[in-house]
Amino acid sequence: MDSEILLEVKDLHVEVDGREILHGVDLVLPAGETHVIFGPNGSGKTTLLMTLMGFPRYKITKGQLIFNGKDITHVPLDERARLGIGISFQRPPVVRGVKLREMVRSSLRAKDDKGLINELAKKANMTDFLERDVNHGFSGGEIKRSELLQLLAQGPDMVLLDEPESGVDLENIALIGSLINELLEKKHPIRERKRGGLVITHTGHILDYVNARTGYVLCHGRINCTGDPRDMLETIKHNGYQECVECPRKI
Ligand SMILES: Nc1ncnc2c1ncn2[C@@H]1O[C@H](COP(=O)(O)OP(=O)(O)OP(=O)(O)O)[C@@H](O)[C@H]1O
């Protein structure tokens with residue numbers, strides 16, 4: 001492979017509260033690429049992203065995570081964020097007493113810069129939300145834009161997105177798509193792109209906006225299939241996931 005490898009997941013086994021959820025996941029994300037994760041409810045998609053981010057509840061019992069050439073299997077969450085991993089949650093919490101502006105400021109890798117915060121908020125159409133408590137009373141679409149605004153401030157090398165389009169109307173999906181593309185440096189020439197993304201999607205709407213190279217189907221804590229994400233989505237739409245579960249070509 002000519003491109004640099006951003007993330008390598010090797011034989012990953014993960015337990016949550018004593019129950020094994022991931023039973024040996026392998027994947028490789030080259031720098032500059034976006035990969036998509038499909039899979040039925042409860043198959044372990046969120047578990048995978050939370051484990052990559054380093055939430056302590058998700059215990060790696062076997063396997064290895066290599067990020068930018070460094071073994072991060074036992075590196076804690078805050079250090080992973082400093083190394084350049086960022087996440088947008090499926091259902092982010094309300095943070096009472098913390099204004100969105102403060103949250104964005106704390107995410108900024110660059111020095112505090114009021115001008116930059118305002119500029120990013122404008123891009124995410126979140127200017128009117130900066131003085132409100134994080135996610136308090138935000139609609140589904142506003143929450144997703146707030147998450148992406150924080151990621152834009154952080155500027156991570158690897159972006160983990162858990163259902164970025166859920167609860168977002170069709171008009172706002174275009175905006176969400178353009179924010180994701182900005183995060184993933186879509187305007188840069190391919191060879192210069194250093195960032196990568198892993199995106200969980202159920203509907204696949206985001207594929208209309210984001211240039212995703214590879215898709216995975218995760219079933220019962222294992223990757224059953226890898227391929228072109230648009231083809232996979234078509235098959236899933238027609239046949240559902242049962243075919244993936246029973247597929248004799250399982251990898
Ligand atoms: N604390 C826990 N104790 C036991 N099981 C758990 C715990 N947390 C998660 N699980 C289980 O792990 C499995 C995987 O959950 P996960 O949220 O990763 O699935 P998912 O593929 O993201 O699902 P969805 O598409 O519904 O968001 C589920 O069966 C869930 O109930």
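Author: Two packed helices are described by the angle between their axes and the distance between the axes. In this predicted model, the axes of helix 3 (residues 100-107) and helix 5 cross at roughly 35° and come within 7 Å, where axes are lines fitted to C-alpha atoms over the stretch in contact and angles run from 0 to 180 degrees between N-to-C directions. Helices are DSSP runs (H or I, at least four residues), numbered from the N terminus.

Reader: Which residues of helix 3 and helix 5 meet?

Author: Leu-100, Met-103, Val-104 and Ser-107 of helix 3 meet Ser-146, Leu-149, Gln-150, Ala-153 and Gln-154 of helix 5, with contact meaning heavy atoms within 4.5 Å.

Reader: At what angle do helix 5 and helix 6 pack, and how far apart are their axes?

Author: Helix 5 (residues 140-154) packs against helix 6 (residues 170-183) at about 15°, with the axes 10 Å apart. That angle makes the two helices roughly parallel, a label for angles under 35 degrees.

Reader: Which side-chain atoms make polar contacts with the ligand, a polar contact being a pair of N or O atoms within 3.5 Å?

Author: A polar side-chain atom of Thr-47 lies 2.6 Å from a ligand oxygen atom, while an N or O atom in the side chain of Gln-90 is 3.2 Å from an oxygen atom of the ligand. For Arg-19, a side-chain N or O atom is 3.2 Å from a nitrogen atom of the ligand.

Reader: What conventions apply?

Author: Residues are numbered from 1 along each chain as its sequence is written, and side-chain values use heavy atoms, without hydrogens and water. Local features need pLDDT of at least 70 and side-chain atom pairs count only at pLDDT 80 or more, whereas totals for chains, interfaces and linings use all residues.

Key:
Parallel < 35°, antiparallel > 145°, perpendicular 65-115°, else oblique. Polar contact = N/O pair within 3.5 Å; in protein donor to acceptor, adjacent residues only side chain to side chain.
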